[in-house]
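Subject: Structure for you to look over

Dear colleague,

I am handing over the structure we spoke of, and I would be grateful if you could read the notes below with it open beside you.

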Amino acid sequence: MVARLVIAAPSSGAGKTTVATGLMAAFAGRGLAVSPHKVGPDYIDPGYHTLATGRPGRNLDAYMCGTERIAPLFLHGARGCDLAVVEGVMGLYDGAADQGELASTAQVSKLLKAPVVLVVDASSQSRSVAALVHGFASWDPEVRLGGVILNKVATDRHEHLLREALGESGVPVLGVLRRAPAVATPSRHLGLVPVAERQAAAVEAVAAQAEQVLAGCDMEALLALARSAPELRDEPWVPEAGERTAAAGAPAPVVAVAGGAAFTFSYAEHAELLSAAGARVVTFDPLRDESLPEGTSGLVIGGGFPEMYGAELSANLPLRKAVAELAASGAPVAAECAGLLYLARSLDGNPMCGVLDAEARMSERLTLGYRDAVAVSDSVLAPAGARMRGHEFHRTVIEPGAGALAAWGLRQPARRVEGFVQGGVHASYVHTHWAGAPGAASRFVAHCAERSAGGGPLA
């Protein structure tokens, strides 16, 4: 039994992240082991959740991982915890475009049988708040709306009007939060600034969020609501259930994973799956480390903000050279979004690793959305014809957009090929979640193990 709450809102910008993170930190501060989760593909919010709880922030994405894995992934992350707090995505009923409720906060709340707390931005309304809450509470009777937290409330008089209106709705008010600049988190072109880029300021902001929540919310009522969630009958997801591909008795192949401030986008399950398949996962920082970890057999470069650190990444010539030499040797390299840019010849005029014959630059256009992808070419991640689901989220472009051997064929929003397969390199804008892609991590480690043993590339 895991006590749990889903923190949702009528729309983006209402204060979900502030409230969810504040609740996580406040409950953790009371001595509870709190498991943090985020609905959807977002990488940045889980960093703040990790800071608040001391546990890895984990995503629950029904599009990329499948609805059948949501409860098992939740139970895996929440194992041994007293309470789980799940931050929603966008508005409560918003999900994948043209897919009904798929990947919405509402759907995840139903899959988890979890009560929902609706965070409402009350800054420009009074009695109308009751109609808003009534609509969200009655839209889907399978969604259990257990209470409301009113955010950005101006005055005591404003609070009185809101409470009076909601008294007729039947939905209890579990918290009232005033406007508080100290809890704000700065944003830029892809959302919040990640924790890794503002560690000290992020610690202060999370502490302020916890104080605000403690002062304005009924913590006992929220905990009682969380504990009212019924037992889940699912079995926890187990990364060891995947095939172990490193030969028994052989040294574990070293898989280097890019980290640091420029490469903050990763799912906790990726490292767990790589380890379960027999790899030794070692993190390195392309901004600081001048060489790859000793014995590197494979390289994973996920997403992040290399565009914010182009000059610094470019200045680390020894590491750029090491990455280029590793890729030229045929070693397995999996690069997503930021990793794709790092492998290009240049990014905004700054020389990068030069693995790919392509140029990258910032753009005014935001590319955002889920992707249904089919592997165009055999690669270290998937055989040709394999289907995977992913997500694009960037304000950069790379030219050309695909190599002689493309990585993916995408079905929406328009049919196109994308990415590069070149020797052991698989580079693409598409973020994938390997918990929803059986075999991706074990296939990658198998290629790494083969190289570590001195063999050639696998078929």
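What follows is an account of what was found, from the chain as a whole down to single contacts.

Please keep in mind throughout that this is a predicted model. Along the principal axes, the C-alpha atoms fill a box of roughly 70 × 45 × 40 Å. The secondary structure comprises 14 helices and 22 strands, and buried residues account for 57% of the chain.

Helix α1 (residues 16–29) has 14 residues, which at 1.5 Å a residue should span 20 Å, and its end C-alpha atoms do lie 20 Å apart. Twelve of those 14 residues are buried, so α1 is largely enclosed by the rest of the structure; among the buried ones are Lys-16, Thr-17, Val-19, Leu-23, Met-24 and Phe-27. After α1 comes Gly-31, which has a positive phi, near 95°.

In helix α10 (residues 268–276), the buried residues are Glu-269, His-270, Leu-273, Leu-274 and Ala-276. Viewed down the axis of α10, these buried residues fall within an arc of 165°, so they line one face of the helix.

Turning to the aromatic side chains, the count comes to eight aromatic pairs. Tyr-93 and Phe-136 make a stacked pair, with 5.9 Å from centre to centre and 25° between the planes. This pair links distant parts of the chain, 43 residues apart, since Tyr-93 lies in the loop between β4 (83–87) and α5 (105–112) while Phe-136 belongs to helix α6 (residues 128–139). Phe-136 counts as buried, at 16% relative accessibility.

Phe-263 and Tyr-342, by contrast, pair edge-to-face, at 5.6 Å centre to centre and with 65° between the planes.

One aromatic cluster is formed by Tyr-43, Phe-265, Tyr-267 and Phe-305. There is also a contact between a charge and a ring: the charged end of Arg-389 sits over the ring of Tyr-63, 4.1 Å from its centre.

Finally, how many disulfides does a search of the whole structure find? The search finds zero. Cys-353 is in no disulfide, and the nearest cysteine sulfur, that of Cys-337, is 15 Å away. Cys-448 is likewise in no disulfide, the nearest cysteine sulfur being that of Cys-353, 17 Å away. Cys-353 is buried, with a relative accessible area of 8%, and Cys-448 is buried as well, with a relative accessible area of 0%.

With best wishes

Key: Residues numbered from 1 in each chain as written. Predicted model: local features only at pLDDT ≥ 70, side-chain atom pairs only at ≥ 80, totals over all residues. Heavy atoms only, no water. Buried < 20%, exposed > 50% of the residue type's maximum accessible area, 1.4 Å probe, protein only. Helix = DSSP H or I, 4+ residues; strand = E, 2+ residues; numbered from the N terminus. Arc of directions from axis to C-beta. Disulfide = S-S within 2.5 Å. Phe/Tyr/Trp six-rings, centres within 6.5 Å; stacked < 30°, edge-to-face > 60°. Lys NZ or Arg CZ within 6 Å of the ring centre and 35° of its normal. Expected span 1.5 Å × (residues − 1).
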